[in-house]
Amino acid sequence: MYSPSKQLLTPLLLLSLLFQISVSLDTITPDEPLKDGHILVSHRETFALGFFSPANSSRRYVGIWYNKVPLKTVVWVANRDDPLDDTAGIISIDGHGNLVITETNRSIPIWSTNASIVSANHSMARLLDTGNLVLVHPENQSNIWQSFDFPTDTLLPFMKLGLDRRTGLNRFLTSWKSKDDPGTAVLIRGWGSFVAGRIMDRTKMERRT
């Protein structure tokens, strides 16, 4: 017996499955960039990455936030001092294997991981359930670059602060200029703590639960 409702259910189900697949992707590859309006979601859906505008600002930034928290809580910002003025932004892997943020009508990136890549054609970026964005080589899964080495104002579990004497990298937190502007403001020197917190009101550390 013909049933219009059953005929309608099939395409709706397919659309639902496609939507679930699109929001569950946690990786950017040379063939799969991320445009403004789309997001990456970590494997267990703990964190999301995409373009956002803070508070009363219309400028666009690339950030990482808690995926299932109703009030968007941004924990990391890539282009915090170089925002986009519109929604034409794209996050992609460039010809050198670096993760870059560009505009659709411009080839020069406004932000880049600027890592030394051995095999550019194989680089890919993945959002982990720790909130760490990593640029990796898929053949050996080695990290080429990670956002945990360049924190903004939030200290997440498993993130380290302070000087890495082996690499010379110094990790530290810097607060937002204001709730409307995530640009670099007050410098807070790093320390070897695993307590998750965020710099608030320039100098205050607020513990996250």
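Trainee: Which residue in E7 is the bridge partner of Leu34?

Mentor: Ile91 in E7 is the bridge partner of Leu34. This is a predicted model, in which local features need pLDDT of at least 70, side-chain atom pairs count only at pLDDT 80 or more, and totals for chains, interfaces and linings use all residues. Residues are numbered from 1 along each chain as its sequence is written, and side-chain values use heavy atoms, with hydrogens and water left out.

Trainee: What makes E2 and strand E7 a pair?

Mentor: Two strands pair if DSSP finds at least two bridges between them. E2 and strand E7 (residues 89–93) have two bridges, so they count as paired. The sense is antiparallel.

Trainee: What counts as a strand, or as a helix?

Mentor: Both are DSSP runs, numbered from the N terminus: a strand (E) has at least two residues, a helix (H or I) at least four. The protein has 19 strands and one helix.

Trainee: Which sheet holds E2, and in what order?

Mentor: An open sheet of four strands, in the order E2-E7-E8-E9, with antiparallel pairing. Strand E2 (34–35) and strand E9 (111–112) are its edge strands.

Trainee: Why are those two called edge strands?

Mentor: Strand E2 and strand E9 each pair on one side only.

Trainee: Where does E10 sit?

Mentor: In an open antiparallel sheet of four strands, ordered E1-E10-E11-E12. Strand E1 (27–28) and strand E12 (143–146) are the edges here.

Trainee: How do you know that E10 is joined to both E1 and E11?

Mentor: Count the bridges. E1 and strand E10 (residues 124–127) share two, running antiparallel, with Ile28 opposite Ala125. E10 and E11 share four, also antiparallel, and Leu127 stands opposite Leu133 there. The E10 and E11 hairpin has five residues between the strands, and Gly131 takes a positive phi near 90° in it.

Trainee: How many bridges join E11 to E12?

Mentor: Three, in the antiparallel sense. Val134 has Gln146 in E12 as its bridge partner.

Trainee: What makes both faces of strand E11 covered?

Mentor: Leu133 and Leu135 are buried on one side of strand E11 (residues 133–136), and Val134 and Val136 are buried on the other. Buried means under 20% relative accessible area, exposed over 50%, partly exposed in between (1.4 Å probe, protein chains only). Buried residues make up 44% of the 209 residues in the protein.

Trainee: Why is Thr87 called exposed?

Mentor: Its relative accessibility is 56%, so Thr87 is counted as exposed. Thr87 lies in the loop between strand E6 (74–77) and E7.

Trainee: Which residues is Thr87 in contact with, leaving aside neighbours within four places in sequence?

Mentor: Asp36 and Arg60. Contact means heavy atoms within 4.5 Å.

Trainee: What makes a space a cavity?

Mentor: On a 1 Å grid over the protein atoms alone, it is a set of points where a 1.4 Å probe fits but cannot get out; lining residues have an atom within 4 Å of a point. One cavity of 30 Å³ or more is counted. The largest cavity has a volume of about 40 Å³.

Trainee: Which residues line the largest cavity?

Mentor: Ile64, Val75, Trp76, Gly131, Ser147, Phe148, Leu156 and Met159. Gly131 is also the hairpin residue with positive phi.

How values were computed:
1 Å grid on protein atoms, 1.4 Å probe; cavity = no way out; pocket = protein on both sides within 12 Å on 5 of 7 lines; lining within 4 Å. Points joined across faces, edges and corners; volume = space filled by probe spheres on them.
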